[in-house]
Each structure stands twice: as structure tokens, then as C-alpha cells.
Amino acid sequence: MSIDETQPISSDAVDAAIAGIDWGEVRNRNVTWHDPAIPAQVATTLSGIDYMHALADGRIPAPPIVGLIDARLTSVTPGAAEFTLTPNESHFNPIGAVHGGIICTLLDSAAGCAVHTTLPQGFGYTSVEIKVNFMRGTTLDSGDLIARGWVKKAGRRVAFAEAEITDSLGRTVATTSTSLLVFEVP
């Protein structure tokens, strides 16, 4: 089915479809964060693994994106990182499923943080390329989503990582392979 832009959309059809619907109470979420520049500065003074442990332990405030998508960094080991996200309505796309951008962000975070654990003090990274395979839709019924990222090859200039998200029943939701540029932070 496609939209033919030459045909006007019938407002009568829309009006009939939504007539009498009670949309319910407006929902909202409050997102708070600390100045992200301060933890980023601290990152330059620690090894990647020490910094990631401090983030996971809550000794360093999480970056704003983690609060925005309502994820939690739940495990960090050398070359690996794990996030947990409990889907909620604020993650939904127009058809009532968790938006693919949330899934991609979670995969990117798990893979990137896994690479971060391998970096020496004074080094950072940024994603160069990410390929995501979506394997299953997710809704509130999916339960907690666990994103596990691991380093395939740590490099001095480019690192390669993978990540996978599973739902509460252990079913694979999505996978990624990514390459990340490694650089000295000025």
C-alpha cells in the first residue's frame, strides 16, 4: 500500500475513524542529567575500564542519552559491556512497538562501551559505521531487553565490535557489527 499524493486524503474518513475516541490522560516523563562535559573530562584521566566501572557503579553520572532512553549500564568487563532497558510507552513508534532507533542506540552503546573498556587513559572513540539486523519486534510484553556488546578486534586506530539484544525470554531481538575510530583526546 502506498500513498498517492495526487489523491487528497479524506478528512471525512479520518474524522469517522477517530470519532468518539477518548485519548486518555496525557503522559509524560521527566529526564534529568548532569553536565556531560564534566564526566567527559574525567574520562581523559582514567583508563577505559576504570572509567566504565565508575559509570556502572554510579560514581560518575551517566551520559544524558542513557537517561533519555531509560537504559542502565549493568555490567562491564574488559572487552565487554551490558545494558538493560525496560521498554515503556515513551519508546513506541506509531504502531505501538519499540522504535528501531531505541534498539540501534542500545546496540551502539553496548558495542561502544565494550570498546571503551579496552582504551588507555587519554583515548576516546566514535562510531564510524554500524550495521543493524532487526530480528523481532519488541513491545511492553518483551520484558527487559539486555544488550551485550563485545570487542571483536581492538585496534590502535580502528576497533571492531559486535552487540546483541535479547528479550526476557532469551530471544534475539537485534544484532549489530560496528567499526569505531580510536583517537587520542586533545
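## The largest pocket

Helix α5 gives the largest share of the lining of the largest pocket, 6 residues. The model is a predicted one. In total, 32 residues line this pocket. Nearest its centre lie Tyr 51, Pro 63, Cys 113, His 116 and Tyr 125. The space inside comes to about 750 Å³.

At least two residues each come from α2 (37-43), α3 (48-57), α4 (64-69), β1 (71-77), α5 (100-116) and β3 (123-134).

## Overall architecture

The chain contains 5 helices and 6 strands. Read from the N terminus, their order is α-α-α-α-β-β-α-β-β-β-β. The C-alpha trace spans about 65 × 35 × 30 Å along its principal axes.

Of the 186 residues in the chain, 34% are buried. Take the contacts with a separation of 6 or more: residues 24 or more positions apart account for 61% of them.

## Surface and charge

Among the side chains, 12 are positive and 20 are negative. The centres of these two sets lie 13 Å apart.

## Helix α3 and its cover

Which residues of α3 are buried? They are Gly 48, Ile 49, Tyr 51, Met 52, Ala 54 and Leu 55. The cover over these buried residues includes α2, β1 and α5. Tyr 51 also belongs to the group nearest the centre of the largest pocket.

Just after α3 comes Gly 58, with a positive phi of about 85°. Most residues other than glycine have a negative phi. Asp 70 sits in the loop between α4 and β1. Its relative accessible area is 36%, so Asp 70 is partly exposed.

His 116 is part of helix α5. Is His 116 buried or exposed? Its relative accessible area is 10%, under the 20% limit, so His 116 counts as buried. Beyond residues up to four places away in sequence, His 116 touches Gly 48, Ile 49, Tyr 51, Met 52 and Tyr 125. Gly 48, Ile 49, Tyr 51 and Met 52 are among the buried residues of α3. Tyr 51 and Tyr 125 join His 116 in the group nearest the pocket centre. His 116 and Asp 50 are 66 residues apart along the chain, yet their C-alpha atoms are separated by 9.8 Å.

Cys 104 is also in helix α5. At a relative accessible area of 24%, Cys 104 is partly exposed. Leaving aside neighbours within four places in sequence, Cys 104 contacts Ile 130 and Val 132. Thr 176 is 72 residues from Cys 104 in sequence, and the C-alpha to C-alpha distance is 8.3 Å.

His 99 lies in the loop between β2 (80-85) and α5. With 40% relative accessibility, His 99 is partly exposed. Neighbours within four places aside, the contacts of His 99 are His 91, Phe 92 and Asn 93. Gly 137 is 38 residues from His 99 along the chain, with 9.0 Å between the C-alpha atoms.

Where is Asp 167 placed? Asp 167 is in the loop between β5 (158-166) and β6 (172-184). Its relative accessible area is 3%, so Asp 167 is buried. Not counting residues up to four places away in sequence, Asp 167 touches Arg 136, Ser 142, Asp 144, Leu 145 and Val 173. Asp 141 is 26 residues away in sequence, and its C-alpha is 9.3 Å from that of Asp 167.

Note on methods:
Residues are numbered from 1 along each chain as its sequence is written. This is a predicted model: local features need pLDDT of at least 70, side-chain atom pairs count only at pLDDT 80 or more; totals for chains, interfaces and linings use all residues. Side-chain values use heavy atoms; hydrogens and water are left out. Helices (H or I, at least four residues) and strands (E, at least two) are DSSP runs, numbered from the N terminus. Buried means under 20% relative accessible area, exposed over 50%, partly exposed in between (1.4 Å probe, protein chains only). Contact means heavy atoms within 4.5 Å. Lys and Arg count as positive and Asp and Glu as negative; His and the chain ends are not counted. The place of a charge is taken as NZ of Lys, CZ of Arg, CG of Asp or CD of Glu. On a 1 Å grid over the protein atoms alone, a cavity is a set of points where a 1.4 Å probe fits but cannot get out, and a pocket is an open set with protein on both sides within 12 Å along at least five of seven lines; lining residues have an atom within 4 Å of a point. Grid points are joined across faces, edges and corners, and a volume is the space filled by probe spheres set on the points.
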